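Biologist: I have just opened this model and would like a friendly tour. Could you tell me what the labels rest on as we go?

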Amino acid sequence: MRQVIFHVTCCMLHVTMLHKPVLLKEVIEILNPQSGENFIDTTIGDGGHAQEIIEKIKPNGKLIGIDWDREQISKLKIKFSEYLKSDNLILINDNYKNLENIIKQYNIHKISGILFDLGFSRYHIEDSGKGFSFQKNEPLIMRYENSEESNGMTAAEIVNTWPEEKLEKILKEYGEEKFFRQIAKKIYEESKKNPIKTTFDLAGIIRNAVPFWYAKRKINPATKTFQALRIAVNDEFENIRTGLSAAVKIIANGGKIAVITFHSGEDRIVKNFLKEKQTEKILKIINKKVIKPSYTEIRENLSARSAKLRTAVRI
Ligand SMILES: C[S@@+](CC[C@H](N)C(=O)[O-])C[C@H]1O[C@@H](n2cnc3c(N)ncnc32)[C@H](O)[C@@H]1O
């Protein structure tokens, strides 16, 4: 399990906390992995949930661990070398939206559970150098996938080339940012004077676009804009829809799907998807009320505070 002490700069305060996989106990209780079963962790990240699952499915079960960020997979190849040797783990660097193809390719049957732990990880904020956080001055990339391989869009491209209306739309829909008009206008105007290159450039522009009281709140005024850009760059909402549809197709009858979300946009997609599949009698929702981290978990791991867990079983 990850036991890394790390520092988060939050509202001028330095908070030291122990980083742990979010809602671990609850996820394991619901997925209930047993020796010999096969599971998929679609967002293996630092491997916290994965390790707990592998320990329970050993010696004959398999976990397929997917991550879109090649660096995450490279690190796990070292950290989990024993699981790779014992054939309890397969690591795949891909987008989970390609789940159906991935499973066909590896010819794995009878999947008992699939976990989605959405969004970015501690590594993205602290070490990736890809501009996921306004706390460090880095180039505005915000891609999980390595861009030299994909020629994919970056956050810099969005802020420097998109028209004002399109910027407004993502800030409103993906960021749920109440000052979406003011921020989009300022980004557009500033990008025409000088290209916006770094996270600090962008955070400064946002700070100047919003009212004084908003800029002075505990939550950094750039939070929602950064979230919106990350979702747009990676097409995250579309990935969730496609990934969940694929999960339903490949999971065994009686198998469980667990999804952890971190903001209301993601949670709405998951909630609606599970409800729709329940109406079609394909899934049955396990926990009618969304599961949230306990007070103790939030106290130990501040980044868990907005997490929500939804789960369903294939019928
Ligand atoms: C919240 S972290 C997962 C943390 C993990 N459960 C753990 O215990 O360490 C989310 C991970 O999903 C990856 N990711 C984001 N979008 C993805 C996608 N579409 N396909 C596959 N991986 C993705 C990110 O690179 C990140 O490593």
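**Helix pairs, ligand shell and confidence**

Modeller: Let me start with α14 and α15, which are roughly parallel to each other. Please keep in mind that this is a predicted model, in which local features need pLDDT of at least 70, side-chain atom pairs count only at pLDDT 80 or more, and totals for chains, interfaces and linings use all residues. Residues are numbered from 1 along each chain as its sequence is written.

Biologist: Why are α14 and α15 called roughly parallel to each other?

Modeller: The axes of α14 (residues 236–250) and α15 (residues 264–279) cross at roughly 30 degrees and come within 10 Å. Angles under 35 degrees count as roughly parallel, over 145 as roughly antiparallel, 65 to 115 as roughly perpendicular and the rest as oblique. The pair is therefore roughly parallel. Axes are lines fitted to C-alpha atoms, for helices over the stretch in contact, with angles from 0 to 180 degrees between N-to-C directions. Helices (H or I, at least four residues) and strands (E, at least two) are DSSP runs, numbered from the N terminus.

Biologist: Which hand does the crossing of α14 and α15 have, and which residues make the contact?

Modeller: The crossing of α14 and α15 is right-handed, a term for a near helix turned clockwise from the far one by less than a right angle, with anticlockwise giving left-handed. From α14, F237, I240, R241, L244 and V248 make the contact, and from α15, G265, E266, I269, V270, F273 and K277. By class, that contact has seven nonpolar, one polar and three charged residues. Contact asks for C-beta atoms, placed from the backbone, within 7 Å.

Biologist: What makes α9 oblique to α10?

Modeller: The axes of α9 (residues 164–173) and α10 (residues 180–193) cross at roughly 140 degrees and come within 8 Å. α9 is therefore oblique to α10. Here E164, L167, E168, L171 and K172 of α9 meet F180, R181, I183, A184, K185, I187 and Y188 of α10. The classes in this contact are seven nonpolar, no polar and five charged residues.

Biologist: Why are α10 and α11 oblique to each other?

Modeller: α10 and α11 (residues 199–209) pack at about 130 degrees, with axes 9 Å apart, and are therefore oblique. α10 passes α11 in a right-handed crossing. Q182, I183, K186, I187 and E190 of α10 meet I205, I206, N208 and A209 of α11.

Biologist: Which residues come nearest to the ligand?

Modeller: Among the 22 residues around the ligand, P21, T43, G45, D46 and G48 come nearest. A residue is near if its C-beta atom, placed from the backbone, lies within 6 Å. α2 (48–57) and β4 (62–67) each supply at least two residues of this shell. The shell divides into six nonpolar, eleven polar and five charged residues. Nonpolar covers Ala, Val, Leu, Ile, Met, Phe, Trp, Tyr, Cys and Pro, charged covers Asp, Glu, Lys and Arg, and the others, Gly among them, are polar.

Biologist: What makes the peptide bond from K58 to P59 cis?

Modeller: Its omega is near 0 degrees, and P59 is found in the loop between α2 and β4.

Biologist: How many residues reach a pLDDT of 70 or more?

Modeller: 92% of the chain's residues do, and the mean is 92. Over residues 1–18 the pLDDT is below 50, though this stretch has 30 contacts beyond near neighbours in sequence. pLDDT is the predictor's confidence in each residue, from 0 to 100. Where it is low, the predicted coordinates should not be read in detail.

Key. Contact = placed C-beta atoms within 7 Å.
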